[in-house]
Amino acid sequence: MIIFDIVTIFPHFFDSFLEESIIKRAQKQKLIRIRVFDLRQWAKDKHRVVDDKPFGGGRGMVLKLEPIYRAVSQLRKTKSDRIKTILFSPRGKKFSQKMAHRYSQLQRIVLICGRYEGVDERVARHLVDEQLSIGDYVLMGGEVPAMAVIEAVTRLKPGVLGHSELLGERMPGRKGGGALGFSEYPQYTRPETFSPRRGVKWSVPQILMRGHHQKISAWRQKHQKIIS
Ligand code: SAH
């Protein structure tokens, strides 16, 4: 069982995500647990302010240090090196399949979602184990990155994926990619031929239709993308 603790100022972002089929089933089966915390619960003033203007000027607002400090102190009360605290940041380390495998061995992951112009830098420097980016582009908050990490990690937990969802991923395993990467090749299903308009046919590669297993796996290898 792995627990994801999400700290966000938009907890409702996760409402439908938590109800999605596989994530929902994985929670029911106690393979994962997702807890969503509203950062405002750790704001002390009566207006529950969690952001402020940046020192030095500039546009936008910055998430304040103290509420996040209190959140992390509470959520990290149990000391264990199988618990990690992550801050989402476009300046962070790029999230990868390898990291997803590493995280899937953890007992708990605390995910801090930034918003606005970002988060007081002291959070990154003193409160978290890792800063994570999900790609070289700027999103509006850490909520979508949190969902990306949760999906990538959850599907690696044994028992989460059913037979029909497992297809499409092959671990290179032996030489080359190593056990932590994955390979993806093109997939087709019925119909064998589709005609979007007269005289045009979109067909499935013949090799896949003939049932010659060696040739099929050679074709797949040729067209696969290995990500490690
Ligand atoms: N001005 C900031 C952008 C902040 S975006 C800057 O350029 O550094 C607001 C929040 O969205 C960030 O604090 C972070 O938590 C999240 N975020 C945006 N893009 C992201 C990305 N590519 N990966 C992970 N988190 C991201």
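This is a predicted model: local features need pLDDT of at least 70, side-chain atom pairs count only at pLDDT 80 or more; totals for chains, interfaces and linings use all residues.
Local features need pLDDT of at least 70 and side-chain atom pairs count only at pLDDT 80 or more, while totals for chains, interfaces and linings use all residues. Residues are numbered from 1 along each chain as its sequence is written, and side-chain values use heavy atoms, leaving out hydrogens and water.

**Overall form**
- The protein has eight helices and eleven strands, which are DSSP runs (H or I, at least four residues, for helices; E, at least two, for strands) numbered from the N terminus.
- Its radius of gyration, taken over C-alpha atoms, is 22 Å, well over the 17 Å that the globule rule gives for 228 residues, so the protein is more spread out than a compact globule. That rule is 2.2 Å times the number of residues to the power 0.38.
- Along the principal axes, the C-alpha atoms fill a box of roughly 70 × 45 × 35 Å.

**Domains**
- An automatic or database assignment sets the domain bounds, giving domain 1 (2-154) and domain 2 (169-227).
- The centres of the two domains, taken over C-alpha atoms, are 36 Å apart.

**Inside: helix H3**
- Buried residues (under 20% relative accessible area, 1.4 Å probe, protein chains only; exposed is over 50%, partly exposed in between) make up 41% of the 228 residues.
- In helix H3 (residues 65-75), the buried ones are Leu65, Pro67, Ile68, Ala71, Val72 and Leu75.

- Tyr137 lies in the loop between strand S7 (130-133) and helix H6 (143-154).
- Tyr137 counts as partly exposed because its relative accessibility is 43%.
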